[in-house]
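Thanks for coming. I will go through one protein model this morning, strand by strand, so please keep the picture in view.

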Amino acid sequence: MATASGPPNTDVVYVTAGDRNWAKFFVNRRSGLVEIVEKMDSLMGPEGLARKVMSGFKTVEGVAVPLQTETFMDGKKVVAVTVKDIRFNLPVDERLFEIQ
């Protein structure tokens with residue numbers, strides 16, 4: 001797991017909101033992008049250390065977005081996502097939000 005200083009070329013921002021509510025944001029010094037987020041979570045059962053690793057950043061309409069994301073629980077990979085296409089502010093059919 002990452003140390004308090006994080007991987008090489010990153011700075012760590014540690015945010016707290018109470019005793020057990022915290023998160024670490026590992027920010028790449030050169031790009032300014034958040035590449036890793038760690039926090040306590042219960043994604044798939046008991047609470048443990050959740051680590052989301054984002055990579056393959058691409059600028060889309062002026063916004064840097066990660067195209068690959070991997071989520072680890074207590075060091076074990078539990079989710080891997082690869083984004084193939086991303087577009088912002090497309091029209092949405094309002095009927096999708098109708099309550100039947």
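Predicted model: local features only at pLDDT ≥ 70, side-chain atom pairs only at ≥ 80, totals over all residues.

The mean pLDDT of the protein is 89, and 93% of the residues reach 70 or more. Confidence is lowest in strand β1, residues 10–16, with a mean of 93. Strand β5, residues 63–73, has the highest, at 96.

Back to the pair. β1 and β2 run antiparallel and are joined by seven bridges. The two strands make a hairpin, with five residues between them. In that turn sits Gly 18, which has a positive phi of about 115 degrees.

Now move on from Ala 23, which also stands opposite Lys 39 in β3. Strand β3 covers residues 34–41, and its antiparallel pairing with β2 runs over five bridges. β2 and β3 form a hairpin too, with five residues between them. Its turn holds Gly 32, whose phi is positive, at about 80 degrees.

Is strand β2 mostly covered or mostly uncovered? Mostly covered: of the seven residues in β2, residues 22–28, six are buried.

Next, the whole sheet. As a general point, strands of a sheet pair through backbone hydrogen bonds, and the pairing can be parallel or antiparallel. Here six strands form an open sheet in the order β1-β2-β3-β4-β5-β6, and the pairing is antiparallel. Which strands stand at the edges? They are β1 and β6, the latter being residues 76–82. Each has a single partner strand, so one side of each is left without a neighbour in the sheet. On average, neighbouring strands of this sheet are turned by 20 degrees against each other, direction ignored.

Further along the sheet, strand β4, residues 48–60, runs antiparallel to β5, and 10 bridges join the two.

Val 92 lies in the segment after β6. Is Val 92 buried or partly exposed? Its relative accessible area is 46%, so Val 92 counts as partly exposed, given that buried means under 20% and exposed over 50%. Together with Leu 96 and Phe 97, Val 92 forms a nonpolar patch on the surface. The accessible area of the three together is about 350 Å².

That is the end of my part.

Conventions
Residues numbered from 1 in each chain as written. Heavy atoms only, no water. pLDDT = per-residue confidence, 0-100. Helix = DSSP H or I, 4+ residues; strand = E, 2+ residues; numbered from the N terminus. Pairing = 2+ DSSP bridges. Axes fitted to C-alpha atoms, helices over the stretch in contact; angles between N-to-C directions. Buried < 20%, exposed > 50% of the residue type's maximum accessible area, 1.4 Å probe, protein only. Patch = residues over 30% accessible without salt bridge, like charges linked within 9 Å, V, L, I, M, F, W, Y side chains within 5 Å. Areas by Shrake-Rupley, 256 points an atom, 1.4 Å probe, with all protein chains shown as cover. Salt bridge = Lys/Arg side-chain N within 4 Å of Asp/Glu carboxyl O.
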